[in-house]
Amino acid sequence: MNVMRHLSVPNRQVEGALDHIRSQGWLAEGMRVFASEDGTARLIPLDPRAPLEMLEPLAKFDVISHEGKPNERDNSDWWAHLSALIGEEAVEMHREAWPSSHEFFGDMMIVRIDDEVAGYVSEIAQAKLQAHPHIRLVLSDDGVVGEFRIRELSPIGARRGEEILLHDIPTELSDTRVHVMESGKSILCDPSRAYFSTKLQSERLETLALAKELRSLLGRPIRVCDSFCGVGPALAALLSEPGLVGDVLAADLNPDAVEMLLDNLRRWDRRDYPSEPSPLTRIHEDRLVGVADAIDLAGDAAIAGEWDLVLVNLPHRTLELLPLLVPLLDRSSPSLVRGRLVVAESEIDAANAAIRSALPARLEGTPEPALRIKRDYNSTLRLCSFEAWIAP
C-alpha cells in the first residue's frame with residue numbers, strides 16, 4: 001500500500017483545482033486522479049512538495065490520506081518503451097518480474113531488479129528514463145548492507161541533456177546527494193549513505209497530527225525525542241508546525257546521517273549548527289543533537305524522563321528496543337510513543353501483545369496500541385505503525 005495525501009475536490013471544481021495544482025508542481029508523479037467513494041468528488045494526489053496547509057484558492061478543499069492509485073498511462077509508457085527495446089515476447093515472458101514500481105528521490109529513481117530480469121538492466125534503465133523525462137539518474141537497489149542498514153545503490157542509467165547513458169556514467173551525473181521537498185522543508189539526503197523512504201510521508205503526517213493532539217492535551221510545546229532520526233524526515237514534518245515543538249533530542253548512530261541532519265537543522269531552524277558530526281551535544285538550549293546509540297540514552301540522568309513524544313523508527317528492532325526507551329518518557333504528564341515495525345502478517349497479534357507488555361499503562365480513554373499495516377515490506381513481511389498514549 002502507498003497511502004498518501006489527496007485533495008478532495010467536488011466534481012464541478014476539479015478542472016480549476018487541477019490546473020492550479022499542476023501550475024505549482026504539486027501533482028504527485030505517476031499517480032492518477034480518481035473518484036471518491038460516494039462519487040461526489042475527485043481525489044487529486046499531492047506531491048510531497050505540496051504545502052501541509054493549502055492556501056487560496058485550494059484552502060476550502062479537504063486534504064485526506066488515501067491509498068494512491070498509479071497512473072496507468074505512466075505504466076503503459078514504461079511498458080511501451082521496454083517493449084520497443086526488447087520485444088513484446090520477452091516482456092510477456094517475464095511479466096511478473098519487471099520492476100513496475102520505483103521510488104523517487106528528487107531527480108533520482110531507485111528500482112529493485114529481480115534476478116530473473118537482471119540481464120536486462122540497461123534496457124530497464126533506458127525505458128524508465130524515457131518514461132520519466134525529469135529523472136537524471138536511475139539506481140538499482142542491491143539490498144541493505146552494514147551496521148547502519150544502508151542501501152547498496154548502483155547507477156544503471158543517467159541523462160545528460162538529450163543523451164541517455166547506460167555505461168561508464170560520469171561521477172558528476174551519479175552523485176546521490178540530493179534535496180527532497182517534504183512538509184514544506186528541503187531535506188538534504190543521500191540514500192546511499194543514510195536512507196529514508198519518501199513513500200512514508202503520510203506516516204510522518206500522521207505523527208504530526210498526533211503531536212498536535214499531544215500539544216493540545218499538555219497546553220504547551222512538546223519535547224520530542226527522535227533517537228533514530230537519520231537525516232531528520234520526521235522532524236521536518238514536526239518543525240513545519242509553528243509553536244508545536246520545544247526541546248528536541250535528535251540522535252543517530254550513523255555519522256553520515258547526522259552530518260546531513262545538521263545541515264538540515266541549520267536551514268530549518270535558521271540558526272548555526274556545526275558542519276561535522278560529533279557525539280550527542282546540546283548545541284542550543286532546546287536542541288540536543290549528535291551521534292549516539294539509543295540504547296545508552298535512558299542511562300543518562302540528564303536525558304531520561306524528559307520527553308513527551310518518543311519516536312521509535314528502527315522497524316526491524318522495535319520490539320527489542322521499546323522497553324529500553326520507555327524510561328525516556330516524562331511520566332509526570334501524558335506522553336506518547338509513536339513507532340514502526342516490520343513483521344509477518346501472521347505475527348501481528350503476538351507483536352501487539354509484546355508492545356503492550358513493554359509499555360506502561362495507557363492513558364484513560366485512549367485505545368490499546370495496535371499495529372496497522374501501512375504497506376508491504378516484501379512478499380511475507382508488512383511495514384506497520386502504532387501509537388501508544390501513556391498515562392502519567
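This is a predicted model: local features need pLDDT of at least 70, side-chain atom pairs count only at pLDDT 80 or more; totals for chains, interfaces and linings use all residues.
Residues are numbered from 1 along each chain as its sequence is written, and side-chain values use heavy atoms, with hydrogens and water left out.

Entry one, a pocket. On a 1 Å grid over the protein atoms alone, I took a pocket as an open set of points where a 1.4 Å probe fits, with protein on both sides within 12 Å along at least five of seven lines, and lining residues as those with an atom within 4 Å of a point. I looked up the second largest pocket and found 17 lining residues, with Arg5, Leu52, Glu53, Val63 and Leu205 nearest its centre. Strand E4 (62-67) and helix H5 (201-218) are the elements that each give two or more residues to this lining, and H5 gives the most, with six.

Entry two, backbone angles. Aspartate 168 is not a glycine, yet I found for it a positive phi of about 50°, and I placed it in the loop between strand E9 (163-165) and strand E10 (178-182). Arginine 270, also a residue other than glycine, has a positive phi near 55° and lies in the loop between helix H7 (255-269) and strand E14 (281-284).

Definitions and conventions. Helices (H or I, at least four residues) and strands (E, at least two) are DSSP runs, numbered from the N terminus.
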